[in-house]
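Subject: Structure handover

Hello,

Here is the structure for you to look at. My notes on it follow below.

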Amino acid sequence: MKKTLCLVLLIAGIFNFMATAQVTWSFNIVGDKTEHPAVEITANIARGYHLYAADNPEGGMPLEFYFDLKGCKLSGSVTADTKYTVAYNDIFESDEHYYTGTVKFLQKLTPESENFSVAAEVKGQVCDDKGCVQVGDSHKLTGKAIVPKAEEKTDKKEIEEKESDNEKVEELVEMTDSLQASEPFMIPEANNSNVKADHWWDNVEAEMAVFDKAPEQQSRSLWYIFIAGFIGGLIALVTPCVWPLIPMTVSFFLKQNKTKRKALGAAVTYGISIIVIYVLLGLLVTIIFGASALNELATSAGFNIAFFILLVVFAISFMGGFELTLPSSWSNKIDSKVDSTTGYLSIFFMAFTLALVSFSCTGPIIGTLLVEAAATSNFVSPAIGMFGFALALALPFSLFAMFPTMLKSMPKSGGWMNTVKVVLGFLELALALKFLSVADLAYGWRILDREVFVSLWIVIFALLGVYLLGKITFPHDSKVERIGVTRFMLACVSLSFAVYMLPGLWGAPLKSISAFAPPVSTQDFNLYEGSVHAQVDDFEEGMRLSEKLNKPVLLDFSGYGCVNCRKMEAAVWTDPTVKSKIDNDYILVTLMVDDKTPLPSPVVINEKDGKERTLRTYGDKWSYLQRTKFGANAQPYHVIVDKDAKPLAPAFVYKEDVPGYINFLDGGKKRFYEEEK
């Protein structure tokens with residue numbers, strides 16, 4: 001198991017390295033100690049890849065340069081030492097401007113003091129025949145310069161010496177001057193002026209309190225977790241580890257107690273004990289890790305890859321590859337406790353025995369439930385989820401003890417139990433891909449894009465349908481003499497589901513699996529035009545764009561691992577009216593709170609409780625923004641703000657309500673233009 005995990009992590013690391021090695025950057029100061037220093041940025045583009053130019057018309061992320069300056073100012077714009085290639089792209093039906101090989105970019109500086117520094121950053125996108133990835137780098141440079149004096153007189157010899165010192169700069173300038181007119185690089189205005197709008201980050205919880213609906217969101221999230229846990233408990237009931245224990249355990253209690261009343265009391269105590277054990281497990285998970293730490297853990301690459309491997313291992317076990325059980329010494333110790341104790345304590349240890357014996361079947365269900373609960377960032381969510389799970393698990397034991405005659409109508413254990421186990425194996429295999437997808441999206445590896453994910457699901461559910469028809473058998477399966485009606489209907493459902501997903505390979509929304517599949521934006525070949533895409537993925541850029549275009553900003557706090565975010569996007573944003581209003585009336589800014597892209601440099605901040613915290617990724621930054629500005633920490637969280645980042649409408653949380661969302665957009669737009677008057 002450890003070797004497998006290490007291998008997967010190694011492969012993931014290789015992919016991550018490849019994503020950053022497609023372009024290597026170097027930063028230098030040329031013309032140091034002269035009157036004409038300059039920043040030289042060199043891009044070495046790997047063979048087979050091309051880097052989009054700054055004025056690329058459409059379809060690719062244009063090249064951008066950012067400079068933070070001290071002791072100098074920019075002179076002109078960035079220029080390149082080679083002209084970009086122009087080629088027609090059939091998909092976007094427009095020209096592409098891009099570089100290949102090695103290209104040098106030059107930004108001239110005008111010194112204002114003898115010592116100067118430049119923090120340079122570059123962002124762009126490289127592509128090959130298989131897809132595109134974002135690239136970039138940053139570096140801080142320092143240098144010395146000669147500051148020219150207005151009344152200084154120089155003789156011919158001094159001029160010649162300076163010209164000799166500036167030889168490298170002049171050579172580069174001569175090469176790039178001819179290209180400057182045809183290829184200007186737009187430096188973002190905010191970076192030229194070094195202006196930072198700190199008031200955009202001001203807390204607005206008081207303004208939000210006027211119309212905020214956060215309590216409704218919290219209630220809905222907890223109900224969602226409870227229902228998910230209850231359904232998980234019902235699924236666990238029909239597994240081979242739990243189902244046979246129901247009649248055995250109930251019969252044991254009925255025989256141990258002389259009166260019917262005592263038997264019922266013991267059975268109810270047994271059910272309550274099951275609930276207490278699982279709720280305590282949920283509380284312990286939260287207390288040990290903390291709600292926010294669980295959320296960060298649930299979106300980390302290592303955790304999701306480990307959970308992906310764990311679910312694949314469970315799936316193989318369910319399909320008969322091997323038996324997966326806890327050490328027998330554990331259950332033996334608990335059994336000895338049952339024998340050596342009496343009364344309610346003995347019943348509690350019986351419940352604990354059930355939890356251990358059934359682990360091989362309930363483990364993956366419980367693990368998935370806890371991960372889902374952790375993603376809500378709510379302290380009590382794991383306990384609520386486990387309460388729902390335990391309630392579904394405990395009900396049959398109590399009910400059958402109250403009404404013993406019901407045991408006679410229960411189906412007997414047999415070959416159908418192994419069929420249930422194999423079906424769960426297929427479902428675990430499909431669900432495992434969701435966890436791999438979360439890590440893939442958060443780190444931008446692009447190894448499990450939407451079309452790959454959908455293809456794998458089509459194959460899994462098609463094979464499940466074929467298995468239910470008896471055409472595929474596994475090691476512990478009984479020989480299928482005939483196909484029952486129930487099994488035939490389930491096969492039809494599974495095969496129909498596989499056929500339903502086929503249009504997704506060409507970009508169809510597939511709303512029923514939107515919670516699990518990667519977003520449509522990751523799909524390379526997409527014929528569907530009804531998707532909504534964010535104009536920018538940076539808060540400050542969105543606010544500057546709002547000022548420039550005089551439009552309100554729709555902030556979408558989302559996450560790659562957020563199930564409800566994908567469901568809401570598929571159910572609400574694909575509505576033509578909603579899409580039209582977002583595209584035409586708003587600046588849509590999507591902020592992924594689990595984005596693992598590192599910040600140019602870590603930022604140390606002080607939380608409300610006085611503790612210091614370091615923001616290392618863009619996800620950390622957007623999560624901090626949501627907490628400190630709006631006092632919220634759950635996704636999806638949509639809020640409309642004006643040009644000063646003040647709220648214009650109540651936050652819209654998870655709710656698949658198209659008319660309500662239209663009213664939300666209309667209300668925000670109305671208030672924005674009322675403020676403008």
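Some ground rules before the details. This is a predicted model, in which local features need pLDDT of at least 70 and side-chain atom pairs count only at pLDDT 80 or more, while totals for chains, interfaces and linings use all residues. Residues are numbered from 1 along each chain as its sequence is written, and side-chain values use heavy atoms, with hydrogens and water left out.

Overall make-up

The protein has 22 helices and 16 strands. These are DSSP runs, numbered from the N terminus: helices are H or I with at least four residues, strands are E with at least two. Of the 677 residues, 50% are buried. Buried means under 20% relative accessible area, exposed means over 50%, and partly exposed is in between (1.4 Å probe, protein chains only). Contact means heavy atoms within 4.5 Å. Among contacts with a separation of 6 or more, 75% are between residues 24 or more positions apart.

Nonpolar cores

A nonpolar core is a set of buried Ala, Val, Leu, Ile, Met, Phe, Trp, Tyr and Cys residues joined through side-chain atoms within 4.5 Å. The largest one has 34 residues. Trp25, Val39, Ile41, Phe67, Phe105 and Val118 have the most contacts inside it. At least two residues of this core come from each of strands S1 (23-30), S2 (38-45), S4 (64-70), S5 (72-80), S8 (102-111), S9 (115-127) and S10 (132-144). S9 gives the most, with five residues.

Take Val118. Leaving aside neighbours within four places in sequence, Val118 is in contact with Val39, Phe67, Asp68, Leu69, Cys72, Leu109, His139, Lys140 and Leu141. Another core, of 33 residues, lies apart from the largest one. Its members include Met319, Ala432, Val454 and Tyr467.

The cavity

A cavity is a set of points on a 1 Å grid over the protein atoms alone where a 1.4 Å probe fits but cannot get out; lining residues have an atom within 4 Å of a point. Grid points are joined across faces, edges and corners, and a volume is the space filled by probe spheres set on the points. By this rule there is one cavity of 30 Å³ or more. The largest cavity has a volume of about 60 Å³.

Its lining has 13 residues; Lys434, Ala515, Phe516, Ala517 and Tyr560 lie nearest the centre. Helix H15 (415-443) and helix H19 (563-573) each supply at least two lining residues. H15 has the largest share, with four. By class, the lining has nine nonpolar, two polar and two charged residues. Here Ala, Val, Leu, Ile, Met, Phe, Trp, Tyr, Cys and Pro count as nonpolar, Asp, Glu, Lys and Arg as charged, and the others, Gly among them, as polar.

H19 is mostly covered, with eight of its 11 residues buried. Among the buried ones are Arg566, Met568 and Trp573.

Glu96 lies in strand S7 (residues 94-99). Its relative accessible area is 7%, so Glu96 is buried. Not counting residues up to four places away in sequence, Glu96 touches His50, Tyr52, Asn56, Pro57, Thr85, Val86, Ala87 and Asn89.

Glu451 is in helix H16 (residues 450-468). Glu451 counts as buried because its relative accessible area is 18%. Beyond neighbours within four places in sequence, Glu451 contacts Leu505, Thr522, Gln523 and Asp524.

Loop residues to look at

Most residues other than glycine have a negative phi. Asn550 has a positive phi, near 55 degrees. Asn550 sits in the loop between helix H18 (539-549) and strand S11 (553-558), and is partly exposed at 29% relative accessible area.

Ala645 also has a positive phi, near 65 degrees. Ala645 lies in the loop between S15 and S16 and is buried, at 0% relative accessibility.

Ala649 is in the loop between strand S15 (637-641) and strand S16 (652-653). Ala649 is buried, with a relative accessible area of 1%. Ala649 and Met208 are 441 residues apart in sequence, yet their C-alpha atoms are 8.0 Å apart in space.

Best wishes

How values were computed: 1 Å grid on protein atoms, 1.4 Å probe; cavity = no way out; pocket = protein on both sides within 12 Å on 5 of 7 lines; lining within 4 Å.
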